[in-house]
Amino acid sequence: MIRTRSWTAACAQALGTGRGLALALPALWLVLVVVWQLTCPLATDESMGLRIATCAAFLIAVVCLVHGVRLGAARELRLVQEVADAAQRVLLRPPPPRVDGLTVAAGQLCAGRGAAVGGDLYEVMATRHGVRVVMGDVRGHGLGALGAVAALLGSFREAAHDEPDLAGVLRRLERALQRHLRERARAEHPACCPGEPESPLAEEFVTVLLLEIRADGTVLALNCGHPWPYRLCGGAEALLPGDPLPPLGSFPLPAELPLQYCTRLLPGEALCLHTDGAEDARDRAGRFFRLQEVLARAALDTPLSPAAVIHCVQRELLRHTGGRLADDVALMVLRNDRVRVPAQPGAVPAAQAGR
């Protein structure tokens, strides 16, 4: 943290120094021209040559000053973009192309103008319990949602390895979110009395989808208010294994968190996870984006490429909305490239997993 702050301070100091030099010289030249015009007797000479020289000096000074202002703004914009890109790589890092026999691709489109990160989160990790995946959507978008995204991703990256079942992972995420909301409430309302509500942050919530993909392709899930994924196999099948739980932060989790059986992902088949910004996107006429149809067309390619599916959906989504997104959109596609294996003795049957 100290190194990061020092680097940021050094960048800001260098930026200020460069901007000062870019503005000081043309400003000094402009001052000299004005002083010449007001105090020098030759400035009142009626000869055309001096008038032309004075006008040229003024013009050069103004052009240099405007150029210095634009140059400083460009430097500041580049610095901000570098910081945003670094934050995105650390916070919402790209998933590895292969995770324990699964080919993975992910992408994000931010609704905030000029934003590189928003309120969507995703991560995939290989653990001794299976491949575990999280996809989430923080209420709102843009920079205001980054704190919750950081808290949830940090908790998931630890809990995915530590917790033997998905229920434990979900409870860890809930505790991390509650800590984040309490800290924000104390920071924004330091004089708040203990007996009063901490802050309007009680209305904050996060939709979360947790998946566990086992060695035989069995996909188990815990869903807190998030859209269910699509299964891609020559088309796009919407998976609806059951009613989801309420989003995290709106209500406490129930005492029992039964796993829900989603599907068995066979070799060559894929799952597409997404946030609700994809299906809720509208065009100028108010028509919703038909995500399932776009996925079905993209899934016709053989072999199915997760990266190509992501690019296809993003391209069609931007075309549908005219580039004006109302909400952040995150996508993740996972294709099973494992060899075909029989169902494991300890696999959870579909009839029992939903109980």
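Reader: In which sense do strand β10 and β11 pair, and over how many bridges?

Author: Strands of a sheet pair through backbone hydrogen bonds, either parallel or antiparallel. In this predicted model, strand β10 (residues 270–274) pairs with β11 in the antiparallel sense, over 5 bridges. Ala 270 has Arg 335 of β11 as its bridge partner.

Reader: Which strand do 8 bridges join to β11?

Author: That is strand β2 (residues 102–109), and β2 and β11 run antiparallel. Leu 109 stands opposite Val 329 in β11, and Gly 107 has Leu 331 as its bridge partner there.

Reader: What is the order of the strands in the open sheet?

Author: The 6 strands follow the order β1-β2-β11-β10-β7-β8, with antiparallel pairing. β1 (98–99) and β8 (236–238) stand at the edges with a single partner strand each, so one side of each has no neighbour in the sheet. Helix α7 (residues 306–321) packs on the sheet, where it touches β2, β7 and β11, and its direction makes about 20° with that of β2.

Reader: Why is β11 described as largely enclosed by the rest of the structure?

Author: Buried means under 20% relative accessible area. In β11 (residues 329–336), 8 of the 8 residues are buried, so the strand is largely enclosed by the rest of the structure. Val 329, Leu 331, Val 333 and Arg 335 point one way, and Ala 330, Met 332, Leu 334 and Asn 336 point the other way.

Reader: Which residues have the most contacts inside the largest nonpolar core?

Author: Among them are Met 332 and Leu 334, in a core of 50 residues. Met 332 touches residues including Val 104, Tyr 122, Leu 273 and Ile 310. A second, separate core has 25 residues, including Ala 105 and Leu 295.

Conventions. Residues are numbered from 1 along each chain as its sequence is written. This is a predicted model: local features need pLDDT of at least 70, side-chain atom pairs count only at pLDDT 80 or more; totals for chains, interfaces and linings use all residues. Side-chain values use heavy atoms; hydrogens and water are left out. A nonpolar core is a set of buried Ala, Val, Leu, Ile, Met, Phe, Trp, Tyr and Cys residues joined through side-chain atoms within 4.5 Å. Buried means under 20% relative accessible area, exposed over 50%, partly exposed in between (1.4 Å probe, protein chains only). Contact means heavy atoms within 4.5 Å. Helices (H or I, at least four residues) and strands (E, at least two) are DSSP runs, numbered from the N terminus. Two strands pair if DSSP finds at least two bridges between them. Axes are lines fitted to C-alpha atoms, for helices over the stretch in contact, and angles run from 0 to 180 degrees between N-to-C directions. Lists of a residue's contacts leave out its neighbours within four places in sequence.
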